[in-house]
Amino acid sequence: MAATTASPALVLRPWLMEDIPALVEASRDPALRQWASTVVDNDADGARWVQAQQRGWAAGSRFGFAVLEAQPGSVRAQLVGNVVLKEVVSGKPAAEVGYWTAAHARGRGVAPRALEALTSWAFDTFEGDGLERLELLHQVDNLASCRVAQKSRYDFDSVLPAAPPSFPRDGHLHVRRTSA
């Protein structure tokens, strides 16, 4: 994604093993841990997590992207988040999106910009396979995720009942259709 006067360019690419140290560092954030379904405490956890992302790509059912921010004057980009398209099945009209932003990058529009790029890519790539809508789920008390959904034109659809252990509290379902 192109840079703006307020925001460096974002690059979305599949996760690589070289991302593990930055992933472990980002995962130390208590706010991120509160909402994450998988905890990454060390390099071994990070390797398992990255390998799971790579298996999803290989299976063609889950597409996780490291979100990197170009750093002026540096050849290396900095990890600022993650976006994922999951539950992709040919002929199925819906898939799910998810995201997180590293603590040091919050409040700068990273999640909405990365989610918009993921959304465009998903519809461009899978609309021919029957994809009509993307679903974004978050726990009702995750107000930041609700704001990201709204900024990204994912309309509020309904309140979903809790489904412990992976979804311990009620949630919001937001939907974006190909026509949005």
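What share of the contacts in the chain with a separation of 6 or more comes from residues 24 or more positions apart? The figure is 60%, with contact taken as heavy atoms within 4.5 Å. The model behind this number is predicted, so to speak for its limits: local features need pLDDT of at least 70, side-chain atom pairs count only at pLDDT 80 or more, and totals for chains, interfaces and linings use all residues. Residues are numbered from 1 along each chain as its sequence is written, and side-chain values use heavy atoms, with hydrogens and water left out.

On to the overall fold. The chain has five helices and seven strands, counted as DSSP runs numbered from the N terminus (helices: H or I, at least four residues; strands: E, at least two). Their order along the sequence is β-α-α-α-β-β-β-α-β-α-β-β. The C-alpha trace spans about 40 × 35 × 35 Å along its principal axes. A radius of gyration of 16 Å agrees with the value near 16 Å for a compact globule of 180 residues; the radius is taken over C-alpha atoms, and the globule rule is 2.2 Å times the number of residues to the power 0.38.

Of the 180 residues, 42% are buried, where buried means under 20% relative accessible area, exposed over 50% and partly exposed in between (1.4 Å probe, protein chains only). The accessible surface comes to about 9,300 Å², with carbon and sulfur atoms supplying 54%; the areas come from the Shrake-Rupley method with a 1.4 Å probe. As for charge, the mean positions of the 19 positive and 20 negative charges lie 3 Å apart. Lys and Arg count as positive and Asp and Glu as negative, leaving out His and the chain ends, and each charge is placed at NZ of Lys, CZ of Arg, CG of Asp or CD of Glu.

Helix α5 (residues 143–151) has S145, C146, V148 and A149 as its buried residues. Down the axis of α5 these fall within an arc of 160°, so they line one face of the helix; the arc is that of the directions from the helix axis to the C-beta atoms. They pack against β4 (94–101), α4 (110–126), β5 (133–139) and β7 (171–177). Turned away from that buried side are the exposed L143, Q150 and K151. After α5 comes R153, with a positive phi near 65°.

Elsewhere, A52 sits in helix α3 (residues 43–59) and counts as partly exposed at 28% relative accessibility. A52 and W15, 37 residues apart in sequence, are 9.8 Å apart in space, C-alpha to C-alpha.
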